[in-house]
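Open the model in your viewer and get your selection tool ready. We will walk through its charged side-chain pairs, one stop at a time.

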Amino acid sequence: MHTRKLALTTRFATGFIACLASLAPAIALAQSTAPEQKAPNEQVITPEVDRRDIKMPRFPSNDFEIGVFAGTYSTQNFGASAVAGLRAGYHITEDIFVEGVLAQTKVSDEDFRQVLPSGIFTTPRQKLSYYNLSVGYNILPGETFIGAKRAKATALYLIAGVGSTRFVEQRRQTFNIGMGNRLFLTDRAALQIDLRDHIFSLDLLGKRKNTQNLELTGGFTYFF
Amino acid sequence: MNVRACCLRLLFVALTSLAVGQAALADETSTSSPPTTEQVQITDPYIELHTGPGRGYPVFFVAAREEWITIEMRHTDWYRVRTAGGKVGWVNRRQLETTITAAGGAKTFRDVVLDDYLNRRVQLGAAIGRFKSEPMLKLWTSYRLSDTISVEGTVGQVQGLYSGTDFWHLNLQIEPWSDKRLSPFFGVGFGKFKNYPNISLVSAVDTNAKLANASVGLRYYLTERFIIRADYSIYTAYIADTRSGEYRAVTAGLSFFF
């Protein structure tokens, strides 16, 4: 009798514990959803802030430039010839920009053919093409006056870089140094004149030596 | 019963919040692109309007505190603004930094200034150096995948006396201490060589070969946008099945963040 009672109590206890265990998460949930007790320093007025829907604007920028140019390229010993090319650039700060240029010209050995009938080149005219990567510095930003009432922004820059020249099937490392002036017609368009010295070595006249090849070009540049 | 009710309520809340969230998301994607101008209120005592985007261009107008201006365009660190009176000029970022937007908050110019350069991802650079005692030139662009890992694409040219080489390669770059101003980096990659002889050389043929390279270098963070870099690479060119050539190259160059 005594043992039976004990067994019943134990069973009851186990049942109760099991029931409690199954209810525990429910109690926890009920607690989490029930209104929490008010803190002593609770805010009396809850501001009803209506958040604005803010979209950060993306301002159009014009740090990149692309342009065409044409002018004259004087190849040392071979005279001057017309040159044309493309340029693309990126303005990193208001002072510093980087620029890549691709251009070509046709060089003639006509002058040599007067005394050497066979000439220097295999054909009288040879293609000279070059590319370079340069860093420029706007040293004199300012304004140019066109007449008395109109002023346009200009920038005089110094530029230097390195690249390669391909001439008579030779590819030579080429350093360039020069200066130029940019005249802004609008915020997005500019006229540009550029004076550049291209320095590379050649051995076409028997001895390898450094040549200075001056170039003067004018061009149109678009900023985007 | 209590449990079931709770569960049901939770499920309902979860579902509705999900639905609302999705609706908000759909709403966000369906609306038009962000505006291209913004109205801000001046907080500096005054701002100077220059005729061009640079400190060398003359100041032609001054707008005072609490005036509203519209920012229209950006060129490097300069912004083209339009005053309420219709004057259009260029203002430096520094004078606009504390301006207040129409929403009442301070305007942020994070698209230009980034205190933490690690947030910038795309880098472009050029370097010159020596490739087996011949002059070389290379141009690279890299994309930062994480603080320490980036991928880098390089094109280059070796401008030798008797022959030249065009090459390209893709590298995986590891920069373990990228938060330091001066930090080393390591890279491995693969690519291609194309060697062409100069005309003065008789009976030479063009060679095309795959290449693998390993490099170690140093990077120095110069200022806001600029980085100086020097590296040493070993190139292996797989010229034929049984023959490969090994070349060493040293370059130094400059790069900048977009």
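Over all chains, this predicted model holds 22 salt bridges, each being a side-chain nitrogen of Lys or Arg within 4 Å of a carboxyl oxygen of Asp or Glu. Before you click, note that residues are numbered from 1 along each chain as its sequence is written, while chains are lettered from A and ligands numbered from 1 in the order in which they are written. Local features need pLDDT of at least 70, side-chain atom pairs count only at pLDDT 80 or more, totals for chains, interfaces and linings use all residues, and side-chain values use heavy atoms, with hydrogens and water left out.

First stop: select E65(A) and R182(A), whose side chains form a salt bridge with N to O at 3.3 Å. E65(A) sits in strand β1 (residues 64-75) of chain A and R182(A) in strand β6 (residues 170-184) of chain A, so this pair ties together parts 117 residues apart in sequence. Strands here are DSSP runs of E, at least two residues, numbered from the N terminus. Both E65(A) and R182(A) are buried (under 20% relative accessible area; exposed is over 50%, partly exposed in between, with a 1.4 Å probe and protein chains only).

Next, pick E169(A) and R166(A): their closest N and O atoms are 3.4 Å apart in a salt bridge. Here E169(A) is partly exposed at 42% relative accessible area, and R166(A) is partly exposed at 34%.

Now hop to chain B and select E72(B) with R80(B), a salt bridge at 3.1 Å, N to O. Are these two buried or exposed? Both E72(B) and R80(B) are buried.

To finish, select R87(A), E99(A), D194(A) and R196(A) together, and you will see a network of salt bridges linking them.

Definitions and conventions. Helices (H or I, at least four residues) and strands (E, at least two) are DSSP runs, numbered from the N terminus.
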